[in-house]
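Q: I have a new structure to study and would like to learn how to read its features step by step. Could we begin with the open spaces and then turn to the helices?

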Amino acid sequence: MARVPSSAVAAAGLVGGYAVARWTKKRPLGGVVLGAAGIAAGREWHERGGVPVAAGLGALYPAGFAGAHPLAKKVGAWPAVFAAAGVVAATAWAVADRD
């Protein structure tokens, strides 16, 4: 079975987590989506690159989430979420997914 790239999982977690929180008006539910995708991507990062890769990308993932908040005040919520997801996905692809 083909693997889903960890970069896609991480991006989907950031975008999906925000979408679920926004549309259900239940922020904790969005956090569940964000966390589940982060754990799935983190397991893949660890498998592909060991602790250093998992730690680095594992730190970037919540940093992207946190960084989208102040950026949203300047460019809007959706553009900020997509920008954060893009940065995390591009980095994950370059570090862990590119074979």
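**Reading a pocket and its helices**

A: In this predicted model, the largest pocket has a lining of 17 residues, and those that lie nearest its centre are Tyr18, Ala21, Arg27, Phe65 and His69. The elements that each give two or more residues to this lining are α1 (6-24), α2 (27-75) and α3 (77-97).

Q: Which element gives the largest share of the lining of the largest pocket?

A: The largest share comes from α2, with nine residues. Divided by class, the lining of the largest pocket holds ten nonpolar, five polar and two charged residues, and about 370 Å³ of space lies in this pocket.

Q: How are two packed helices described?

A: Two packed helices are described by the angle between their axes and by the distance between those axes. Here α2 and α3 pack at an angle of about 165°, and their axes are 8 Å apart. Because angles over 145 degrees count as roughly antiparallel, α2 is roughly antiparallel to α3. The contact of α2 with α3 has 20 nonpolar, two polar and two charged residues, and α2 passes α3 in a right-handed crossing.

Q: At what angle do α1 and α3 pack, and how far apart are their axes?

A: The angle is about 160°, with the axes of α1 and α3 lying 6 Å apart, which makes α1 roughly antiparallel to α3. Their crossing is right-handed. Among the residues that make the contact are Leu14, Tyr18 and Trp23 of α1, together with Trp78, Phe82 and Trp93 of α3. By class, this contact of α1 with α3 has 18 nonpolar, two polar and two charged residues.

Definitions and conventions: Residues are numbered from 1 along each chain as its sequence is written. This is a predicted model: local features need pLDDT of at least 70, side-chain atom pairs count only at pLDDT 80 or more; totals for chains, interfaces and linings use all residues. Side-chain values use heavy atoms; hydrogens and water are left out. On a 1 Å grid over the protein atoms alone, a cavity is a set of points where a 1.4 Å probe fits but cannot get out, and a pocket is an open set with protein on both sides within 12 Å along at least five of seven lines; lining residues have an atom within 4 Å of a point. Grid points are joined across faces, edges and corners, and a volume is the space filled by probe spheres set on the points. Helices (H or I, at least four residues) and strands (E, at least two) are DSSP runs, numbered from the N terminus. Ala, Val, Leu, Ile, Met, Phe, Trp, Tyr, Cys and Pro count as nonpolar, Asp, Glu, Lys and Arg as charged, and the others, Gly among them, as polar. Axes are lines fitted to C-alpha atoms, for helices over the stretch in contact, and angles run from 0 to 180 degrees between N-to-C directions. Angles under 35 degrees count as roughly parallel, over 145 as roughly antiparallel, 65 to 115 as roughly perpendicular and the rest as oblique. A crossing is left-handed if the near helix is turned anticlockwise from the far one by less than a right angle, and right-handed if clockwise. Contact means heavy atoms within 4.5 Å.
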